[in-house]
Amino acid sequence: MEKDEYDSEFCHVEYRERDNVVFLAWKKFCCQDDYRTPAMFALKLLEKHPDSNFVVDARNGFEDTKEDVAWGFSVLLPAMSRTDCKHVAFILNEVHEIEEEMDMWTKEFMRYFTVANVRSYEDAVRSITR
């Protein structure tokens, strides 16, 4: 059986059965395959676990490269929209330097999902289980 966890120096992705959540935590800047591989792993977990939701910890966030944003908008999000996922939560710092970047991602995610911007994992779970 495939494992439900991916870890690299750039991020950590896991399925949390108790909350039925695919959790992706970014650790530091990355691009191309270092960015896309964990994002695709998260997609596979959403496909594997029916009615699961997606939580992204972006507190160690960064600005994406233009190529990765284009890939995310044209490949990743449309593929995610074909899963059972209905809710997405972004964990953000109270004051964050990537506000414009997150606003752009939030708007794009809102084309497919309900989206909450929260301060903690617990807040994220609450926001998607209401």
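At 36% relative accessibility, D103 counts as partly exposed; buried means under 20% relative accessible area, exposed over 50%, and partly exposed in between, with a 1.4 Å probe and protein chains only. N117 is 14 residues from D103 along the chain, and their C-alpha atoms are separated by 9.8 Å.

Some ground rules. This is a predicted model, in which local features need pLDDT of at least 70 and side-chain atom pairs count only at pLDDT 80 or more, while totals for chains, interfaces and linings use all residues. Residues are numbered from 1 along each chain as its sequence is written, and side-chain values use heavy atoms, with hydrogens and water left out.

Now the whole chain. There are four helices and six strands, and in sequence order the pattern reads β-β-β-α-β-α-β-α-β-α. The radius of gyration of the chain is 13 Å, close to the 14 Å from the globule rule for 130 residues, so the chain is as compact as a globular protein of that length. That radius is taken over C-alpha atoms, and the rule is 2.2 Å times the number of residues to the power 0.38. Along the principal axes, the C-alpha atoms fill a box of roughly 35 × 30 × 25 Å. Of the 130 residues, 54% are buried. Take the contacts (heavy atoms within 4.5 Å) between residues at least 6 apart in sequence: 74% of them join residues at least 24 apart.

Next, the interior. A nonpolar core here is a set of buried Ala, Val, Leu, Ile, Met, Phe, Trp, Tyr and Cys residues joined through side-chain atoms within 4.5 Å. The largest one has 31 residues, and V13, V22, F54, M80 and F109 have the most contacts inside it. At least two residues of this core come from each of β2 (11–16), β3 (21–26), α1 (33–48), β4 (53–57), α2 (66–81), β5 (87–91) and α3 (99–109). Helix α1 gives the most, with seven residues.

So what is M80 in contact with, leaving aside its neighbours within four places in sequence? The partners are L43, L46, F54, F109 and F113.
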